[in-house]
Amino acid sequence: MKKLVTISLALALMLSLAACGGTGAVTASETPQPESAESSAPSAAGGNTLVVYFSVMETDGVDTVAGASRISVDGESLGNLEYVAELIANETGGELFRIETVQEYPTTHQPLLEFAHDEARENARPELASTLENPGDYGVVFIGYPIWNADLPMPLYTFLESYDFSGATIIPFTVHGGSGLAGTPDTIQQLQPDADVVTGALSISRNSVDTAPEAVRSWLSELEM
Ligand SMILES: Cc1cc2nc3c(=O)[nH]c(=O)nc-3n(C[C@H](O)[C@H](O)[C@H](O)COP(=O)(O)O)c2cc1C
């Protein structure tokens, strides 16, 4: 009888250890999750961190202080999203990936506005010139973009329809001219239904991009990253 009880206890211990799993590796399930049914789905994604961004640096006569889309860092001019993406990659050790298109966007303000407006009206899917190898390797995918026409820029639609981030945690970040996130995290969730898009996306006004280093650090710490 005593032997039977001992065997039962050993079996129960083995089963409970198997249920805990856990290799010690950081996975998507250890990062903040949105409160949705999907958040309890098993992750199919790998454990690496990716920092994807799209940015079109404007080259005409204004700078960030005047509300434009570039910032000067150590003598180098960067688009706002390019700058914030680099900060996030530096803080997290994530791999940077720039979304590039075959077509070249105008880099002066008014022609760029008109071009992007036409593209949105046509619901265009601009062809991408940069290719992401092995999207399934990433458990955490930061995605950064400027708000264009109160929406995602159209190349983001091409990107999010081209790759499958099922099981990954997607963390949006944006720089905008007043629209905030403009509902874009919900759009990303619709385009990536099997990923978990976090609720705490980062939104920085282009007028305060110079404070991005502190904003990024405090945001990452809130995300416990
Ligand atoms: C074509 C275009 C459309 C824009 N539309 C909006 C908008 O609807 N709402 C908003 O808040 N900002 C808008 N902006 C401002 C950008 O979101 C902002 O300047 C951003 O910092 C640009 O980032 P980048 O330099 O990395 O491209 C627009 C900018 C451009 C060029």
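A residue is called buried if 20 or more other C-beta atoms lie within 10 Å of its own, exposed if 12 or fewer do, and partly exposed in between, with C-beta atoms placed from the backbone. In the chain, 33% of the 225 residues are buried. The model is predicted: local features need pLDDT of at least 70, side-chain atom pairs count only at pLDDT 80 or more, and totals for chains, interfaces and linings use all residues. Residues are numbered from 1 along each chain as its sequence is written.

View 1. Strands (E, at least two residues) and helices (H or I, at least four) are DSSP runs, numbered from the N terminus.

**View 2. Partners of β5.** Two strands pair if DSSP finds at least two bridges between them. Strand β1 (residues 48–53) pairs with β5 in the parallel sense over 6 bridges, and Val51 has Phe142 of β5 as its bridge partner.

**View 3. The ligand shell.** The ligand is surrounded by 23 residues, the closest being Ser55, Ser69, Pro146, Gly177 and Ser179. At least two residues of the shell come from each of α2 (80–92), α3 (109–121) and β6 (169–176).

Conventions. A residue is near a molecule or strand if its C-beta atom, placed from the backbone, lies within 6 Å of it.
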